[in-house]
Amino acid sequence: RGRSVTAMVTEPRYCPHRGFGRLPVSGSAFARRGVAAALGAGAVIRTGVTALDWAGPSPGDPHLGPLALETVSPSGPETITAKAVVLATGGRERPRSARLVAGTRPAGVFTGGELQQTVHLHRQTVGSRAVVIGAEQVGFAAVDTLSGAGVDVTAMVTERPRDGVAMLRRLNSRLRQGVPLLTDTSVTELLGHGRLTGVRLRHRDGRTTTLPCDTIVFTGNFVPDHELARRGGLDLDPQTHGPAVDAAFRTSRRGVFAVGGLLHAGASAAVAAREGRRAAHHVRAHLSADSV
């Protein structure tokens, strides 16, 4: 009460698949519910705003203020100041380059997030025959998106001995969609010039296989999107590579908090939302202490 709250969203992630919240709904419905609650509480939500860096005192000094962020949006650059900043930048999937997959650099290579944005947000075509790397929930969501877009999914590929979803989800993919799952298998090379023409795979027993395709989707294998935290001089956890926080979600810089997928990449939306609610209480306590 009596506080001004602004939420900045660089680019909305489109997640049409279900599985969000305690009573599972689609990602879009889950987001709409959160937006409605935030607006109802008096928050301002600004989309298309990117925080580029910290302004003001040196980020190496954790005690100086005020907190200020250099941002850019369609209306131009802007410096936004605040008494508290909550970093909820989430995680991102490792792209092909970070996975050290050899081969050429053809078109038709996506992460799961890029696929969802391309198909559902920008309404663009992606190809005709695809291979999905990863067999977690996001991998199966990619299969759904590809199938819905009229793309034939040749196979799902995972280095693990089995997939990471419930039996009904697994059976739906194999029986209704007809997508085989190749376990204990890794992608070693991308083929094709200009456009992807195939992927070379290696099985654990040493056998190699080449699957023809014009699209490949790398899913899962999340890492924290910690660029802003790093540029702010925040201490990073050596294991998670996200900001190091205490039980109140406070980082090493006074007034800066961190929650959700930024702390543990790949965390579910329910976990991120729950941490956000818990952190809000600590942020309010911080603001109240500063106003005394």
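Two strands pair if DSSP finds at least two bridges between them. Strands (E, at least two residues) and helices (H or I, at least four) are DSSP runs, numbered from the N terminus. On these terms, an open sheet of three strands runs in the order S5-S6-S7, with antiparallel pairing. This is a predicted model: local features need pLDDT of at least 70, side-chain atom pairs count only at pLDDT 80 or more, and totals for chains, interfaces and linings use all residues. Residues are numbered from 1 along each chain as its sequence is written, and side-chain values use heavy atoms, leaving out hydrogens and water.

**The sheet**
- Strand S5 (50–55) and strand S7 (76–82) are the edges; each has a single partner strand, so one side of each lacks a neighbour in the sheet.
- Strand S6 (residues 67–73) pairs with S7 in the antiparallel sense over seven bridges.
- Leucine 67 is opposite alanine 82 in S7.

**Threonine 251**
- Threonine 251 is in the loop between helix H5 (227–231) and strand S20 (256–258).
- Threonine 251 is buried, at 10% relative accessible area (buried means under 20%, exposed over 50%, partly exposed in between; 1.4 Å probe, protein chains only).
- The threonine 251 side chain reaches the backbone oxygen of valine 256 at 2.8 Å.
- Leaving aside residues up to four places away in sequence, threonine 251 has contacts (heavy atoms within 4.5 Å) that include Leu234, Pro243 and Phe257.

**Charge over a ring**
- The charged end of arginine 253 sits over the tryptophan 54 ring, 5.0 Å from its centre.
- The criterion is NZ of Lys or CZ of Arg within 6 Å of the ring centre and within 35 degrees of the ring normal.

Terms used: A polar contact is a pair of N or O atoms within 3.5 Å; within protein, one must be able to donate a hydrogen and the other to accept it, and residues adjacent in sequence count only if both atoms are side-chain atoms.
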